[in-house]
Amino acid sequence: MSEAVMQPQKHQGEALRAEGLAMTYAEGKLRTPVFDGIDLSVHSGETVAILGASGAGKSTLLHLLGGLDTPTAGEVFVAGQKMSSLSDSARGALRNKALGFVYQFHHLLPEFTALENVMLPVLLSGAHVPDALKRAKVLLEAVGLGHRLEHKPGELSGGERQRAAVARALVNRPACVLGDEPTGNLDEKTASTVFELMLALNHEQQTSLVLVTHDRRLARRLDRVLELHEGKLRQLRPDEV
Ligand SMILES: Nc1ncnc2c1ncn2[C@@H]1O[C@H](COP(=O)(O)OP(=O)(O)OP(=O)(O)O)[C@@H](O)[C@H]1O
């Protein structure tokens with residue numbers, strides 16, 4: 001186990017932990033081993049970047065951390081709970097409450113307004129409509145979309161859609177946001193605005209962030225930078241980023 005990557009912080013809570021994580025895709029006779037024996041600990045409020053060449057397994061790792069796929073071996077703990085020990089519905093509920101997801105493409109529901117999209121995770125957590133409404137409005141205002149509450153995704157600009165996705169990811173005050181190239185589809189200036197906003201809101205809420213990115217300039221802004229290379233996760237020194 002790599003001490004550098006685990007970085008135990010006993011005095012602070014742990015948002016996310018992976019132990020001995022392995023993934024091999026198997027389809028028919030085709031087996032694609034991606035990584036084996038990955039350990040990672042992300043403490044509360046910490047921001048971590050994951051770099052790596054195309055095909056290194058970054059999205060695969062993020063999917064496993066988010067409980068969207070099942071590892072071939074190893075365990076993922078989200079807010080202290082072992083994902084594999086939960087039923088499908090309990091895992092879904094934990095994901096909704098404790099994790100936020102932002103992808104390269106916004107994945108907002110096209111039929112719903114920005115406000116409804118951001119309200120949805122709050123409603124799914126069992127909150128009543130007035131509470132969800134209030135919380136979603138606060139978040140949409142925080143991302144600068146207070147004037148676009150009733151717009152559907154198709155009526156928003158690319159940057160606005162990603163800001164709505166950021167609001168949706170943070171609305172339940174999750175322990176950790178998982179971002180897969182969340183600004184990868186935006187022009188440089190818009191990407192920078194969305195990234196800064198995401199970082200500021202994460203800091204404000206003390207939400208951890210695990211960000212997969214190709215952009216070393218963005219990675220440098222985070223607390224730690226890890227690189228996935230040939231199936232291993234290694235922490236980079238500042239002069240290597
Ligand atoms: N469903 C699947 N079945 C088989 N192999 C897969 C599957 N999904 C991904 N792979 C393979 O696993 C490897 C890791 O893929 P992954 O998408 O995690 O890489 P990545 O580092 O996120 O790449 P990129 O930066 O290009 O998005 C790749 O070689 C890919 O071809």
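**View 1. Helix 6 against helix 7.** The axes of helix 6 and helix 7 (residues 188-205) cross at roughly 15° and come within 10 Å of each other. Axes are lines fitted to C-alpha atoms, for helices over the stretch in contact, and angles run from 0 to 180 degrees between N-to-C directions. Helix 6 and helix 7 are therefore roughly parallel to each other (angles under 35 degrees count as roughly parallel, over 145 as roughly antiparallel, 65 to 115 as roughly perpendicular and the rest as oblique). From helix 6, the contact takes in Gly158, Gly159, Gln162, Arg163, Val166 and Leu170; from helix 7, Thr190, Thr193, Val194, Leu197, Met198, Leu201 and Gln205. Two residues are in contact if their C-beta atoms, placed from the backbone, lie within 7 Å. Six nonpolar, six polar and one charged residues form the contact of helix 6 with helix 7. Ala, Val, Leu, Ile, Met, Phe, Trp, Tyr, Cys and Pro count as nonpolar, Asp, Glu, Lys and Arg as charged, and the others, Gly among them, as polar.

The model shown is predicted: local features need pLDDT of at least 70, side-chain atom pairs count only at pLDDT 80 or more, and totals for chains, interfaces and linings use all residues. Residues are numbered from 1 along each chain as its sequence is written.

**View 2. The whole protein.** The protein has eight helices and 10 strands; helices (H or I, at least four residues) and strands (E, at least two) are DSSP runs, numbered from the N terminus. Its C-alpha trace spans about 50 × 45 × 40 Å along the principal axes. Of the 241 residues, 40% are buried. A residue is buried if 20 or more other C-beta atoms lie within 10 Å of its own, exposed if 12 or fewer, and partly exposed in between, with C-beta atoms placed from the backbone. Among contacts with a separation of 6 or more, 71% join residues 24 or more positions apart.

**View 3. Helix 4 against helix 6.** The axes of helix 4 (residues 114-124) and helix 6 (residues 158-170) cross at roughly 25° and come within 8 Å. Helix 4 and helix 6 are therefore roughly parallel to each other. On helix 4, Ala114, Asn117, Val118 and Pro121 meet Ala164, Ala167 and Arg168 of helix 6. The residues of this contact are five nonpolar, one polar and one charged.

**View 4. The buried residues of helix 4.** Ala114, Leu115, Asn117, Val118, Met119, Pro121 and Val122 are buried in helix 4. Their cover includes helix 3 (88-98), helix 5 (129-142) and helix 6. Gly126, which follows helix 4, has a positive phi near 100°.

**View 5. Two glutamates with positive phi.** Most residues other than glycine have a negative phi. Glu181 is not a glycine, yet its phi is positive, about 50°. Glu181 lies in the loop between strand 7 (176-180) and helix 7. Glu181 is buried, because 20 other C-beta atoms lie within 10 Å. Glu230, also not a glycine, has a positive phi of about 50°. Glu230 sits in the loop between strand 9 (224-229) and strand 10 (232-235). Glu230 counts as exposed, because it has 10 C-beta neighbours inside 10 Å.
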